[in-house]
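Let's take a friendly walk through one protein chain, from its overall make-up down to a single side chain. Please have your viewer ready.

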Amino acid sequence: KAVVSTQSTGQQLRTDGSGTALTDSSVDEVFATMSIAWEYADGDSWTSASTGRYKVGTTTAGVTGLSSSPLSVGPVRTSDAGKVFRATLTYTSDSSNNFFGGSIVSDNMTLSLANIQSFNVSDDEPIEGSTVTFTCVATGNSQPTFTFFTSGSSMDTSRFTYVSGPTVSQSGDYYTATYTTTTDIATVLNNGQKVYCKADYGTG
C-alpha cells in the first residue's frame, strides 16, 4: 500500500483499484510526468541509492501505462542482508487539469540474501565402489536450482557414477539438496578431487 501526499491544499492524489490510473480529488484524470527515486534506510534517516553499488534503471512505461525504474545492487555484501529500501514516485504538476504535483512513497522493501549455509559429504574417505551422498543447504525466499559438479557444470564420470538427485526438501527458508553417487576410484576425495554445489536463484 502506498502512502500518498500532495503539494496542494485540498487535493488528494490517488490510484484506482488496479493502480493503473491517477485521478485528482474531482476524479479527473491527471496527465503528469513521473520520476522515481530509490533510498535505503541508514539508521534513522534515508540515503539516496543512486551511486556506487546502487544503479537505478531508466524509467520506462509499459503498454498498461505503468512505469518501472528498477534498482540494482551489486556486488552484494553479506552486510546487505536485511537492508531496507523504498521508492518515491514524484509527479510534476499538470496545470491544465488543476493538478499541482504530488508524490507516492512505496512500502519498505527488505533485501533478503540467498546463500549456501553448508555443504558436506556422508563419507569423506570412500573406497572404490562406495556410495556417497553430498548434502547442500541453502537459504532464500524461493527454491533454487541445485547443481553438483566437479568442473564445468557436471560431475567427472570417470570418478563418479550417478545414483540419484538432486532431491530437494524445504523447511522455512532453508532448502536442502542431496545428490548420491558411487565412487569409481579409491580414496577419490582424498586424492584432491573437489566437488562443488551451486544454488541458482535465477533473476527477479
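This is a predicted model: local features need pLDDT of at least 70, side-chain atom pairs count only at pLDDT 80 or more; totals for chains, interfaces and linings use all residues.

Residues are numbered from 1 along each chain as its sequence is written, and side-chain values use heavy atoms, with hydrogens and water left out.

**The whole chain**

The chain has zero helices and 18 strands; helices (H or I, at least four residues) and strands (E, at least two) are DSSP runs, numbered from the N terminus. Of its 204 residues, 28% are buried, where buried means under 20% relative accessible area, exposed over 50% and partly exposed in between, with a 1.4 Å probe and protein chains only. The exposed surface comes to about 12,200 Å², with carbon and sulfur atoms supplying 48% of it; such areas come from the Shrake-Rupley method with a 1.4 Å probe, and for residues only the protein chains shown count as cover. Among contacts (heavy atoms within 4.5 Å) with a separation of 6 or more, 57% join residues 24 or more positions apart.

**Strand E4 and its partners**

Strand E4 covers residues 34-42. Two strands pair if DSSP finds at least two bridges between them, and E4 has these pairings:

| Partner of E4 | Sense | Bridges |
|---|---|---|
| E10 (residues 84-91) | antiparallel | seven |
| E5 (residues 45-48) | antiparallel | four |

On the E10 side, Ala-37 has Thr-88 as its bridge partner; on the E5 side, Tyr-40 has Thr-47. E4 and E5 form a hairpin with two residues between them, and Gly-43 in the turn has a positive phi of about 70°.

**Two nonpolar cores**

A nonpolar core is a set of buried Ala, Val, Leu, Ile, Met, Phe, Trp, Tyr and Cys residues joined through side-chain atoms within 4.5 Å. The largest has 13 residues, and Phe-134, Phe-146, Phe-148 and Met-155 have the most contacts inside it. Strands E14 (131-139), E15 (145-149) and E17 (174-183) each give two or more residues to this core, with E14 giving the most, four. Beyond its neighbours within four places in sequence, Phe-146 touches residues including Cys-136, Pro-166, Tyr-175 and Cys-197. A second, separate core of ten residues includes Tyr-40, Phe-85, Tyr-91 and Ile-104.

**A closer look at Thr-183**

Thr-183 lies in strand E17. Thr-183 counts as buried because its relative accessibility is 1%. Its side chain reaches the backbone oxygen of Ile-127 at 2.7 Å.

How values were computed:
A polar contact is a pair of N or O atoms within 3.5 Å; within protein, one must be able to donate a hydrogen and the other to accept it, and residues adjacent in sequence count only if both atoms are side-chain atoms.
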